[in-house]
Amino acid sequence: KKLGIALVGLGYYSYGQLGPALLHTKNCYLSGIVTGHPAKAEAWKKQYNIPDKNIYNYETFDNIKDNPDIDIIYVVLPVSMHKEYTIRAAQAGKHVICEKPMALNAKECEEMIAACKKANRLLSIGYRLHFEPHNMEIMRLGQKQIYGKVTAIDTGNGFVYGGTDNSAWRLKKAMAGGGGLMDMGIYSIQGSRYTLGQEPVAVKARQEKTRPEFFNEVDETVYWELEFPGGFVATGKSSYNHNWGYLHVEAEKGKFGLEPAYGYGSVEGYTPAGPMHIPQVIHQAMQMDDFAECVRQNKQSRVPGEEGLKDMKVVDAIYRSLDSGKKEKIV
Ligand code: NAD
């Protein structure tokens, strides 16, 4: 049987990506929704043929525990709400996918992991690129040293924040935790980590602000040097003010990389042998199908909560470095 997924929060990502992707999944389908807006509930109900009994709001959320149509709850809310809804979902007896960045900080991630363990439920982070074949090829080339040892990594991710509403949750520290670093930089951090297959030990960062009217609470553009065991340093950056999206790697026997690297439009890659000829896929469909299969087999996802925690430890250290002006250990 296909497992039922309920999306919590029907904003941009649910509407534009996850809902449509769930029309292409083989192991799971959209069985329910949680929304505070009755008009959205009505539109989704029609579009996806969702029965009334599978439609919840934030007051009725915990009643999902009695609904056998819902196996997995997918938290697609502002970052400050990830911890609460992940924990409530697990306590309702459901497996959980939580969107990136996992939470406001590493401490919250640890609490989420502990709560899901205690409830004996699986937790996964919405890291779609681990199921995207160009990014998977980079992991193989880097980690298996197909072109020899990696000697340099440079990666950046960002977009020009074009909103006119400076009360949006992404610009509020209390709701977003931070700015471009939390939202976009998480991909650059991931890119460096999965190219090497190693965990960084220290980081030094600096930031730049050109539009304080938007970014007075959160970071706009951040640059960092991420140090790995043995002293290798990867450079990375994130921004709400530049359209970046690349991962360039140098190895002993040549260069490989991705550009565009991280978006959910097409991903393009190259190696010393020329362009990668790899088909494009719907990242989110692959990601959700994989998690549904993990639930069936009761096995940990390749992107469990622990993977989100590792990135948040790096993010926390980058913020400490921005404050101190010094290199900070990742702990
Ligand atoms: P969004 O603002 O479009 O949607 C957020 C949803 O949360 C809205 O439906 C809103 O009504 C709801 N919500 C409930 N309570 C709220 C409150 N108190 N304040 C504000 N909104 C509230 O945001 P989004 O772009 O859909 O992002 C949601 C999550 O998905 C974020 O964690 C984001 O980082 C993540 N995301 C991931 C990807 C990816 O590629 N994996 C892409 C985009 C967004």
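View 1. The centres of domain 1 and domain 2, taken over C-alpha atoms, are 26 Å apart. The contact draws nine residues from domain 1 and nine residues from domain 2. On the side of domain 1 that touches domain 2, five residues are nonpolar, three are polar and one is charged. Domain 1 covers 3–128 + 285–303, and domain 2 covers 133–280. This is a predicted model.

**View 2. The ligand and its shell.** Both domain 1 and domain 2 give residues to the shell around the ligand, so the ligand lies between them. There are 18 residues around the ligand. Gly9, Gly11, Tyr12, Tyr13 and Glu99 come nearest. Sorted by class, the shell has nine nonpolar, five polar and four charged residues.

**View 3. Helix α1 at the ligand.** Helix α1 spans residues 12–21. Its share of the shell around the ligand is the largest: three residues.

**View 4. Helix α8 from end to end.** Helix α8 runs over residues 283–297, which makes 15 residues. From its first C-alpha to its last it reaches 21 Å, close to the 21 Å expected at 1.5 Å a residue. Asparagine 298 follows α8, and its phi is positive, near 50 degrees.

**View 5. The buried residues of α8 and their cover.** Buried residues in α8 include His283, Gln284, Ala285, Gln287 and Met288. Further along, Asp289, Phe291, Ala292, Cys294 and Val295 are buried too. What covers the buried residues of α8? The cover includes helix α1 and the strands β1 (3–8), β2 (28–34), β4 (72–75), β5 (95–98) and β6 (123–125).

Note on methods
Residues numbered from 1 in each chain as written. Predicted model: local features only at pLDDT ≥ 70, side-chain atom pairs only at ≥ 80, totals over all residues. Near = placed C-beta within 6 Å. Helix = DSSP H or I, 4+ residues; strand = E, 2+ residues; numbered from the N terminus. Nonpolar A, V, L, I, M, F, W, Y, C, P; charged D, E, K, R; others polar. Domains from an automatic or database assignment. Expected span 1.5 Å × (residues − 1). Buried ≥ 20, exposed ≤ 12 C-beta atoms within 10 Å, placed from the backbone. Contact = placed C-beta atoms within 7 Å.
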